[in-house]
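Please read them with the model open beside you.

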Amino acid sequence: MIADALKMAFGTLTTVRVPAPGLIDRRVAGGAMVLAPLAVVPLAAVASVIVFLGDLAGLPAFASAALALGAVALGSRGLHLDGLADTADGLGASYDRERALEVMRRGDSGPTGIATLVLVLLVQVGALAGAISAGHGIAAAAIAVLAGRGVLSLCCARGVPSARPEGLGATVAGSVPVWTAAVVFAVLASAAALVFPWRQGLIAVALGYLAASALLARCVQRLGGVTGDVLGGCVEVAVAAVLLALSF
């Protein structure tokens, strides 16, 4: 089960080529969400290396931050960024649940989605640039990538419904025991507290989770639950919040 869950996590969240899982059921899907931070360790490493090389080459902090986060986006197929834009379009389109879900199902992005995407990316890049200028950009990039994917276990915890009867949301919604999601948070928060001054590390991960929780609660209220797009949106707002807390 763990091997299949890890394969699903890598295959869903990264461009790393892995064999297809032998079985995908709710246990495997839940395991994939729990193992999401582990699956994106290569992306976190790439982001950190780019920040290091940018600093070595004397690049402006903003340029290094943009390159690092761009590499993460490419390494995840832009999946979460697309989810953020679609979620923003859905929430901004209509108070009617079915209408909002229909807008999210389309492949294009509207003005609300594009504006949200640009603003969140600006926050992410600007905050990471601040962390680079403060001298801890390498660690900040890694922690943000890992904690951003860590919130997936929270968003898929027991009690969180799916907005649709089909799709990724339906497969993973409610598939993670609450205590397991809490353990993922504790591990990530502890790692951040070891790398940074402990208060700053804990606050950074906690803010990431709070930002994701706020978006999740809004989507459950408006849409009736989570979708794959909502999960992506939660990842990106969590990354932005973590980087903001680590930007100084």
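1. Segments from the record. Over residues 32–53 the chain is 91% helix and 0% strand, with the end C-alpha atoms 32 Å apart. Helices (H or I, at least four residues) and strands (E, at least two) are DSSP runs, numbered from the N terminus. Over residues 59–76 the figures are 83% helix and 0% strand, and the end C-alpha atoms are 24 Å apart. Both ranges come from UniProt, where an unreviewed entry places the feature "transmembrane region" at residues including 32–53, 59–76 and 114–132. UniProt positions are given in the numbering used here, feature names are shortened, and annotations may be inferred rather than shown by experiment.

2. Basis of the values. This is a predicted model, in which local features need pLDDT of at least 70 and side-chain atom pairs count only at pLDDT 80 or more, while totals for chains, interfaces and linings use all residues. Residues are numbered from 1 along each chain as its sequence is written, and side-chain values use heavy atoms, with hydrogens and water left out.

3. A loop residue. Arg 77 lies in the loop between α5 (61–75) and α6 (79–93). Its phi is near 60°, a positive value in a residue other than glycine.

4. Salt bridges. How many salt bridges does a search of the whole structure find? The search finds three, where a salt bridge is a side-chain nitrogen of Lys or Arg within 4 Å of a carboxyl oxygen of Asp or Glu. One of them joins Glu 98 to Arg 97, with the closest N and O atoms 2.5 Å apart. Arg 97 counts as partly exposed, because its relative accessibility is 30%. Buried means under 20% relative accessible area, exposed over 50%, and partly exposed in between (1.4 Å probe, protein chains only).

5. A network. Glu 102, Arg 105 and Glu 166 are linked in a network of salt bridges. Glu 102 and Arg 105 meet at 3.0 Å, N to O. They are separated by about one helical turn because they are three residues apart in helix α7 (residues 97–105). Glu 166 and Arg 105 meet at 3.8 Å, N to O. This second pair links distant parts of the chain, 61 residues apart: Glu 166 is in the loop between α9 (137–155) and α10 (168–172), and Arg 105 is in helix α7. Glu 166 is partly exposed, at 40% relative accessibility.

6. The core. The largest nonpolar core has 77 residues, and Leu 128, Val 205, Leu 223 and Leu 243 have the most contacts inside it. Such a core is a set of buried Ala, Val, Leu, Ile, Met, Phe, Trp, Tyr and Cys residues joined through side-chain atoms within 4.5 Å. Leaving aside neighbours within four places in sequence, Leu 128 is in contact with residues including Val 51, Leu 69, Ala 140 and Leu 243. Contact means heavy atoms within 4.5 Å.

7. A buried leucine. Is Leu 188, at 10% relative accessibility, buried or exposed? Leu 188 counts as buried, and its place is in helix α11 (residues 178–195). Not counting residues up to four places away in sequence, Leu 188 touches Pro 37, Leu 146, Ala 147, Gly 150, Val 205 and Tyr 209. Leu 188 and Ala 206 are 18 residues apart in sequence and 9.6 Å apart in space, C-alpha to C-alpha.
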